[in-house]
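Biologist: Could you take a close look at one helix pair for me, and then follow it out to where the chains meet?

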Protein chains: 2
Amino acid sequence: MKILKSIILFVLFLSYIPAFSQGLEEIDSKGMNKQLVRIAELEIYPEYWEEYKEILIFEAKESVENEDGVVCIFPMEMKSEDFKIKILEIYANQKAYEDHLKTPHFQYYKSNTLKMVKELKLLDMNALDTQTMQAIFKKRK
Amino acid sequence: MKILKSIILFVLFLSYIPAFSQGLEEIDSKGMNKQLVRIAELEIYPEYWEEYKEILIFEAKESVENEDGVVCIFPMEMKSEDFKIKILEIYANQKAYEDHLKTPHFQYYKSNTLKMVKELKLLDMNALDTQTMQAIFKKRK
């Protein structure tokens with residue numbers, strides 16, 4: 001009984017550590033704390049510009065519409081500089097990202113655009129407010 | 001009658017120019033074509049880092065939750081570089097943006113963070129696929 005009492009006290013103690021209880025809460029919420037947020041910055045060879053965009057739009061659309069774990073793949077072109085693309089990418093977790101890499105639409109994108117991309121930077125980001133994301137992104141519950 | 005015929009022919013001619021008819025179509029779709037998409041890139045003075053983020057998170061949350069025309073204000077910090085922020089901002093149209101600038105929470109943000117910002121770049125962007133945005137952003141209908 002003494003051991004049981006110790007365990008109960010220990011659990012009560014843990015629940016008072018904010019970081020620990022928050023950790024539990026985050027892990028519980030469908031692993032969304034493990035989300036990956038990234039901005040991809042690309043420069044495209046001018047001769048492939050239109051063709052590249054067409055393939056990218058298709059890839060993003062397929063991913064967002066058919067993959068539960070793809071919260072956002074949102075491609076934009078810069079207004080002030082030609083042939084430059086930025087893509088906001090959000091994956092629910094590491095597995096969702098790895099699954100995404102295996103899809104036919106991503107494979108098609110990757111193999112067909114390899115020669116079109118002059119430069120690619122992948123910037124890993126942290127969302128500052130994962131709570132308010134629920135009010136922005138449809139798949140962020 | 002000759003003038004009328006000329007006008008009709010001119011209008012028919014215009015409707016065959018893809019850019020022109022696309023323009024008309026976009027204006028019809030609830031003015032969503034007029035949306036503003038922007039990435040703000042900031043560098044913050046180290047001594048204000050935590051304080052700046054707190055004010056930014058508050059401003060973004062208030063805007064997203066209370067302004068219909070704010071489709072997205074999504075602040076991120078770079079993982080690889082200290083004191084660097086990127087914010088994806090989407091406003092439903094020019095008026096929504098102007099209204100946003102007048103809100104107390106934006107005014108509070110602007111006046112309190114002015115001294116904290118070492119560098120600010122505002123990059124105007126075009127969404128490549130305004131259709132698929134509906135599947136990403138809650139307020140993009």
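Modeller: On the α3(A) side they are A:Tyr52, A:Ile55, A:Leu56, A:Phe58, A:Glu59, A:Glu62 and A:Ser63, and they meet A:His105, A:Phe106, A:Tyr109, A:Asn112 and A:Thr113 in α5(A). Sorted by class, this contact has 6 nonpolar, 4 polar and 2 charged residues. Bear in mind that the model is predicted. As for geometry, α3 (residues 49-66) and α5 (residues 104-113) of chain A pack at about 165°, with their axes 9 Å apart. Angles over 145 degrees count as roughly antiparallel, so that is how α3(A) and α5(A) run relative to each other. Their crossing is left-handed.

Now out to the other chain. A rotation of 180° with 0.0 Å of shift along its axis puts chain B onto chain A, at an RMSD of 0.0 Å. The two copies are therefore related as by a two-fold rotation axis. Both use the same surface, as 100% of the contact residues of chain B recur in chain A.

At that interface, 31 residues of chain B are in contact with 31 residues of chain A. On the chain B side, the elements giving two or more residues are β1 (36-44), α3 (49-66), β2 (70-78), β3 (84-91) and β4 (117-127). Helix α3(B) supplies the largest share, 7 residues. By class, this side of chain B has 19 nonpolar, 3 polar and 9 charged residues.

A:Ala127, for instance, has B:Met76 as its bridge partner in β2(B).

Notes
Residues are numbered from 1 along each chain as its sequence is written. Chains are lettered from A and ligands numbered from 1 in the order in which they are written. This is a predicted model: local features need pLDDT of at least 70, side-chain atom pairs count only at pLDDT 80 or more; totals for chains, interfaces and linings use all residues. Axes are lines fitted to C-alpha atoms, for helices over the stretch in contact, and angles run from 0 to 180 degrees between N-to-C directions. Helices (H or I, at least four residues) and strands (E, at least two) are DSSP runs, numbered from the N terminus. Angles under 35 degrees count as roughly parallel, over 145 as roughly antiparallel, 65 to 115 as roughly perpendicular and the rest as oblique. A crossing is left-handed if the near helix is turned anticlockwise from the far one by less than a right angle, and right-handed if clockwise. Two residues are in contact if their C-beta atoms, placed from the backbone, lie within 7 Å. Ala, Val, Leu, Ile, Met, Phe, Trp, Tyr, Cys and Pro count as nonpolar, Asp, Glu, Lys and Arg as charged, and the others, Gly among them, as polar. Copies are superposed by least squares on the C-alpha atoms of residues with pLDDT of at least 70 in both. Two strands pair if DSSP finds at least two bridges between them.
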